[in-house]
Amino acid sequence: MSLDKMMELQTVRYGEDGLFILDTTKLPRNLEYIKMETVEECFDAIRTLKVRGAPAIGVAAAYALVLAAEEARQTSYEEFYEDFKRAKDYLAKSRPTAVNLFWALDRIDRMVQKHRGESPH
């Protein structure tokens, strides 16, 4: 792959059809994107270095928490937050030394806590 072509790469693409990350384990020979559809897929992409670079790791982690929030119990804030926190703790184990991973997880957590009194629906 030429340097010009590599400079045009997007490590993360988001649109109506979801989040796609550049699989960096396939570079430089192949250019492949992986659709992130589950928390587990995001975890695996972070852990196995398919997604690299601090900003891209942060995006993948934040998106995983969005997916987790959609799957969480919606009957009460407490139950919702319990499920959310479980997903956050799980994702934190994907790459324990990645600063932006924890930054993204903590930032989303603060937003969830800020809206504590609101309905999770």
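**Entry 1: the sheet**

I began with the sheet of this predicted model. Three strands form an open sheet in the order 1-2-3, with antiparallel pairing (strands are DSSP E runs of at least two residues, helices are H or I runs of at least four, both numbered from the N terminus; two strands pair if DSSP finds at least two bridges between them). Strand 1 (12–15) and strand 3 (33–36) stand at the edges with a single partner strand each, so one side of each has no neighbour in the sheet. I got an average twist of 25° from one strand to the next.

Next I looked up strands 1 and 2: they pair in the antiparallel sense over four bridges. Val 12 stands opposite Ile 21 in strand 2. Helix 3 packs on the sheet and touches strand 1, strand 2 and strand 3 (contact means heavy atoms within 4.5 Å). The direction of helix 3 makes about 150° with that of strand 2 (axes are lines fitted to C-alpha atoms, for helices over the stretch in contact, and angles run from 0 to 180 degrees between N-to-C directions).

My ground rules: residues are numbered from 1 along each chain as its sequence is written, and side-chain values use heavy atoms, leaving out hydrogens and water. Local features need pLDDT of at least 70 and side-chain atom pairs count only at pLDDT 80 or more, while totals for chains, interfaces and linings use all residues.

**Entry 2: the core**

Then I checked the largest nonpolar core, which has 31 residues (a set of buried Ala, Val, Leu, Ile, Met, Phe, Trp, Tyr and Cys residues joined through side-chain atoms within 4.5 Å; buried is under 20% relative accessible area, exposed over 50%, partly exposed in between, with a 1.4 Å probe and protein chains only). Ile 46 and Leu 101 are among the members that touch the most others. Helix 3 gives the largest share, nine residues. Leaving aside neighbours within four places in sequence, I found Ile 46 in contact with residues including Val 51, Ile 57 and Leu 101.

**Entry 3: helices 4 and 5**

How do helix 4 and helix 5 pack? Their angle is about 175°, with the axes 10 Å apart. They are therefore roughly antiparallel (over 145 degrees; under 35 is roughly parallel, 65 to 115 roughly perpendicular, the rest oblique).

I picked out Tyr 81 in helix 4. It's buried, at 16% relative accessible area. Beyond four places in sequence, Tyr 81 is in contact with Asp 109, Val 112 and Gln 113. Tyr 81 and Asp 109 are 28 residues apart along the chain, yet their C-alpha atoms are separated by 9.1 Å.
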